[in-house]
Amino acid sequence: MSTLPGRRIAASASRRSPLPTAPHRATLARSVRLIRAFREEQSDPEGFYRLLAADTIAQLSRYTALDGRVVADVGSGPGFFTTALRDAGARCVGVECDAGELTRHGPPPPGSVLGSALGLPLASGSVDVCFSSNVLEHVPDPWRMGDEMVRVVRPGGVVFLAFTNWLSPWGGHETSPWHYLGGHRAAQRYERRHGRPPKNRYGVSLHPVSVAAALRWAHARGGVTVEAATPRYLPGWAAPVVRVPGVREVLTWNLLLVLRKAP
């Protein structure tokens, strides 16, 4: 697939009117609600990801209109974000490298495609928004993925890139907080306790990405301006923590970068 199948996406997108999106408010109550929901991720993944998707689409809507826009959902998995984006009126294509993830919770949304985040199967400048939630830490070359996201966005379009940084409390994912003692050691401990290796295997499907590296890439990347670099789940008043070296690696929890491509 060398070009975005725009007509196919349009035909397969929801025929419903876009669902109204409530204004996003980065309040303390919202942060507490999301952090509590993390405890349900393993036992009720569908409920958790639907809640997170609704919150994320409202957050994205602060930076760009979605109704009628062409959006790429990079690392779409079973399609929770793809579905939420379509409900907001976007024409969305989900790109996922793992067929098992695409069908984990049933048939994937129409228009989903198999493809790598390190070489997106989309033409340059073919989408209005390139979106990715919590995928960057799962690829071995994160800034190649970032460059690919910038490549496929049209001039004036938006890149919305959020990831869990390694030194945050959830940086080791299901092996947290033992990842602070080392990724391999945390994985070995998990396997001893559960009788199976973790789904997110350090050095294989989970990689240590830092806030500092993300900011260096974003500010050095030509052809884009940084519209936001903020803790995704924290209250708005916590945003300045991203400017504090060292502290930001622990307290940010999940970094959101919003880039706008130069016209």
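R151 is partly exposed in this predicted model, with a relative accessible area of 23%. The side chain of R151 meets that of E148 in a salt bridge, at 2.9 Å from N to O. E148 has a relative accessibility of 13% and therefore counts as buried, the cut-off for burial being under 20%. R151 and E148 are three residues apart in helix α6, so about one helical turn separates them. Residues three or four places apart in an α-helix point the same way, because each turn takes 3.6 residues.

Helix α6 also contributes D147. D147 and R221 form a salt bridge through their side chains, with an N to O distance of 2.8 Å. This pair links distant parts of the chain. D147 belongs to helix α6 (residues 142–152), whereas R221 sits in the loop between α8 (211–220) and β6 (224–231). The two residues are 74 residues apart. D147 is partly exposed at 31% relative accessibility. R221 is partly exposed at 23%.

In total, the structure holds seven salt bridges. One of them joins R104 to E101, whose closest N and O atoms are 2.7 Å apart. R104 counts as partly exposed, at 48% relative accessibility. E101 counts as buried, at 15%.

Helix α3 (residues 45–60) has 16 residues. The buried residues of α3 include F48, L52, I57 and L60. D55, T56 and Q59 are also among them. The buried residues of this helix pack against two helices, α2 (28–38) and α4 (80–87). They also pack against the strands β4 (127–133), β5 (153–164) and β7 (254–261).

Strand β7 contains L255. L255 is buried, with a relative accessible area of 0%. Beyond its neighbours within four places in sequence, L255 is in contact with L161, A162, F163, N165, V211, A214, A229, T230 and V242. The C-alpha atoms of L255 and P231 are separated by 4.9 Å, although these residues are 24 residues apart along the chain.

The surface carries a nonpolar patch formed by L167, Y180, V244, V247, V250 and L251. Together these residues have about 460 Å² of accessible area. V250 lies in helix α9 (residues 247–251). V250 counts as partly exposed, at 36% relative accessibility.

Terms used. Residues numbered from 1 in each chain as written. Predicted model: local features only at pLDDT ≥ 70, side-chain atom pairs only at ≥ 80, totals over all residues. Heavy atoms only, no water. Patch = residues over 30% accessible without salt bridge, like charges linked within 9 Å, V, L, I, M, F, W, Y side chains within 5 Å. Areas by Shrake-Rupley, 256 points an atom, 1.4 Å probe, with all protein chains shown as cover. Salt bridge = Lys/Arg side-chain N within 4 Å of Asp/Glu carboxyl O. Helix = DSSP H or I, 4+ residues; strand = E, 2+ residues; numbered from the N terminus. Buried < 20%, exposed > 50% of the residue type's maximum accessible area, 1.4 Å probe, protein only. Expected span 1.5 Å × (residues − 1). Contact = heavy atoms within 4.5 Å.
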